[in-house]
Amino acid sequence: MSDFFQQVYEVVKQIPPGRVTSYGAIAKFLGTGGSARMVGWAMNASHSHAGFVPAHRVVNRNGLLTGKHHFDNPNAMQELLEAEGLKIENDQILNFNERFWDPGKELEI
């Protein structure tokens, strides 16, 4: 596994239940602002990571569940988020701005 993927996983593991962040926010926090797609690849690979990585808490910049097809069940991402109290309609998180967790503001570098 790449060092970058490991750094992504360490950030994702700190997202509190009931909160979400975006691929781009993680990339920006890691100092690689243009690598949101690479964060997505890390999330796709996270299912084979030895430790639990709450990949369901990472969505696109508009709050869309764009990674849902990478779970064993395409409804799993939504079900996990709803179990944490988020409301979702048409694959989009309602009140996304209120639920958004910005690692740049929440974590120390």
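Contact is taken here to mean heavy atoms within 4.5 Å, and helices (H or I, at least four residues) and strands (E, at least two) are DSSP runs, numbered from the N terminus. The structure is a predicted model, in which local features need pLDDT of at least 70 and side-chain atom pairs count only at pLDDT 80 or more, while totals for chains, interfaces and linings use all residues. Residues are numbered from 1 along each chain as its sequence is written, and side-chain values use heavy atoms, with hydrogens and water left out.

Burial is described by relative accessible area, with buried meaning under 20%, exposed over 50% and partly exposed in between (1.4 Å probe, protein chains only). On helix 3 (36–45), the buried residues are Val39, Gly40, Ala42 and Met43. These residues span an arc of only 160° around the axis, and so lie on the same side of helix 3, where the arc is that of the directions from the helix axis to the C-beta atoms. The buried residues of helix 3 pack against helix 1, helix 2 and strand 2.

A nonpolar core is a set of buried Ala, Val, Leu, Ile, Met, Phe, Trp, Tyr and Cys residues joined through side-chain atoms within 4.5 Å. The largest such core has 30 residues, and those with the most contacts inside it are Val8, Val12, Met43, Leu81 and Ile93. Two or more residues of this core are given by each of helix 1 (3–12), helix 2 (23–29), helix 3 (36–45), strand 2 (58–59) and helix 4 (76–83), and helix 1 gives the most, with six residues. When neighbours within four places in sequence are left aside, Val12 is in contact with Ile26, Met43, Val53, Pro54, Ala55 and Val58.

In helix 4, the buried residues are Ala76, Met77 and Leu81. Their arc around the axis is only 130°, which puts them on the same side of helix 4. The elements that cover the buried residues of helix 4 include strand 2, strand 3 (88–89) and strand 4 (92–93). Just after helix 4, Gly85 takes a positive phi of about 95°.

Aromatic rings of Phe, Tyr and Trp (its six-membered ring) are paired if their centres lie within 6.5 Å, with planes under 30 degrees apart counted as stacked, over 60 as edge-to-face and the rest as tilted. By this rule there are two aromatic pairs. In the pair of Phe96 and Phe100, the ring centres are 5.6 Å apart and the planes stand at 65°, so the pair is edge-to-face. Phe96 counts as buried at 10% relative accessibility, whereas Phe100, with a relative accessible area of 24%, is partly exposed.

Two loop residues were also examined. Ser35, in the loop between helix 2 and helix 3, is buried, with a relative accessible area of 16%, and touches Phe4 and Ala27 when residues up to four places away in sequence are not counted. Gln14, in the loop between helix 1 and strand 1 (21–22), counts as partly exposed at 44% relative accessibility. Apart from its neighbours within four places in sequence, Gln14 is in contact with Trp101 and Leu107. The C-alpha atoms of Gln14 and Leu81, which are 67 residues apart along the chain, are separated by 15 Å.
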